[in-house]
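Here are my notes on the model you sent over.

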Amino acid sequence: MFVPGSTTKLFSLSGAWKLLGPDSRITTPVYARGTRRGSRLDGDLVLVGAGDVTFGGRTTPDGRVAFTDVDHTDANVIPGATLTPQDPLAGLNALAGQVRAAGITRVSGNVVVDDRLFSTDLQPAPTPLMINENVIDVLVQPGAVGRPAALTVRPPAAAYTVQSTVTTVAAGQPSAVTVSGLAPGRITVSGTIAADSAPLLRTAPITDPAAFGRTVFIQALRARGVQVDAPATGPNPATRLPRSSRYPAGSRVARFESPRYAEQARFILKVSHNLGANTAICLLAVRAGSDGCADGFTALGAFLTRTGVDVGSLVISSGAGGEPNRLPPTAVTQLLRWWTRQPDFGRWRESLPVLGVDGTLHDVATGSPARGKVFAKTGTLIDADLLTGDIVLLTKALAGYFQTADGTWQVFDIVVNNPGKSPDILSLLGVGEDVGQVAAALWQAQNP
């Protein structure tokens, strides 16, 4: 029973892909509760969270989901994280525009977020409403030596304030930027950045997504000419929600549709997005009629049994990977082989990182002849040694596919458990290059 890290996502995303449907979409609605008097709503607007992890914040004009090879949600851990250019408030802005187009120009009651779709103890914890994947981005850029650094913070919201003491130091000096605090609340940015440094990205958590979402939705409504009498900041007034979460169809005044789920899955697999993988488990629970995400594992187990995977050999308590998950490599290859017999295998395979090309494999084995020819999910699990302060690498794994000279798709699972520890995370991540070179050697052996 090996520690799999994020190769667990092969299991959670397979279940979501097949049970939710690769072409399914997540609809986030807004309902008007109360009495319409001309353009005035004497009552509340209710925004119902539906578990859309990207919520328009990454959608491209052609309906795909944008990603960068090192995702912004990993910015505090992995160097080199960058942002996609899309507006993280795109979903809310679209809903606000539809509310205005529906003829509402004033809301005399309140704006309420209905976040009752599901609840969970998973970490990172999905929530029914997720704005910018529940983080605030802080991009720090150097200024003149001795002067304050420049900050770009997104998404903008009245729900938090930012205080920065980051200063610019001489070129060649170390850069060390720390972000503390949370939203709603105060975010503090401190440290130094070298004058010749590339911009540094850090994040702060959104700890009350419902209250935060309510604030930015009210801001979006006001920007589009909808007056809201209630204050934008403050807690989400959930006591104003009806007892039932079933709203009359005629009361819906706006809706936002996600990209196809296959696009969401592709993004989650390419960058190993932990929040997205745990959201997949919650959506499986909702599909089964439950508001407890733990029931999503029951649905996943039933699905995996139908694929022929030996479910009794698995330990899966997180959709993302981590402790106490354990996966025998034989079970991993059982699932990978099952996919090769599916009509949408090509679509699934191309959703995985590609060796030396993109996602979490973008910088692995880039000089190998196997570059671009291995499709595989990475797995990494790190922890801290509190005795020495070192970083411990518990696992580095790689599981996926390559094609032989005769056109056959081969499956593989490479797992290295407990390779060591180091004060420097970059030296530990070098194990990923070793694992990638093993995969490249497998490809070369079958493609002489």
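**Notes on helix packing and aromatic pairs**

1. Helices α1 and α7 run roughly parallel to each other, since the cut-off for that label is an angle under 35 degrees and theirs is about 30 degrees. Keep in mind that this is a predicted model. The axes of α1 (residues 9-20) and α7 (residues 329-339) are 11 Å apart, and α1 passes α7 in a left-handed crossing.

2. Which residues make the α1/α7 contact? From α1 you have Leu10, Phe11, Ser14, Trp17 and Lys18. They meet Ala331, Val332, Leu335, Leu336, Trp338 and Trp339 in α7.

3. Some of those names come back in an aromatic cluster: ring pairs link Trp17, Phe303, Trp338, Trp339 and Trp348. Have a look at Trp17, Trp338 and Trp339 in particular, as they are in the cluster and also belong to the helix contact.

4. Now the aromatic pairs as a whole. The count comes to 12. One of them is Phe55 with Phe256: the ring centres are 5.5 Å apart and the planes are at 90 degrees, so this pair is edge-to-face. Phe55 sits in the loop between β2 (40-48) and α2 (90-101), while Phe256 belongs to strand β13 (residues 252-257), so the pair ties together parts that are 201 residues apart in sequence.

5. Are these two Phe residues buried or exposed? Phe55 is buried, at 2% relative accessible area. Phe256 counts as buried too, with 13% relative accessibility.

6. Trp338 is buried, with a relative accessible area of 11%. For Trp339 the relative accessibility is 0%, and this residue counts as buried as well.

7. Arg349 deserves a click. Its charged end sits over the ring of Phe345, 5.0 Å from the ring centre. Arg349 also lies over the face of Phe375, where the distance to the ring centre is 5.3 Å.

8. Last one: where is Thr404? You'll find Thr404 in the loop between β15 (391-403) and β16 (409-422). Thr404 counts as buried, at 8% relative accessibility. Leaving aside residues up to four places away in sequence, Thr404 touches Gln410, Gln446 and Asn447.

Technical notes:
Residues are numbered from 1 along each chain as its sequence is written. This is a predicted model: local features need pLDDT of at least 70, side-chain atom pairs count only at pLDDT 80 or more; totals for chains, interfaces and linings use all residues. Side-chain values use heavy atoms; hydrogens and water are left out. Rings of Phe, Tyr and Trp (its six-membered ring) pair if their centres lie within 6.5 Å; planes under 30 degrees apart count as stacked, over 60 as edge-to-face and the rest as tilted. Helices (H or I, at least four residues) and strands (E, at least two) are DSSP runs, numbered from the N terminus. Buried means under 20% relative accessible area, exposed over 50%, partly exposed in between (1.4 Å probe, protein chains only). A charge sits over a ring if NZ of Lys or CZ of Arg is within 6 Å of the ring centre and within 35 degrees of the ring normal. Axes are lines fitted to C-alpha atoms, for helices over the stretch in contact, and angles run from 0 to 180 degrees between N-to-C directions. Angles under 35 degrees count as roughly parallel, over 145 as roughly antiparallel, 65 to 115 as roughly perpendicular and the rest as oblique. A crossing is left-handed if the near helix is turned anticlockwise from the far one by less than a right angle, and right-handed if clockwise. Contact means heavy atoms within 4.5 Å.
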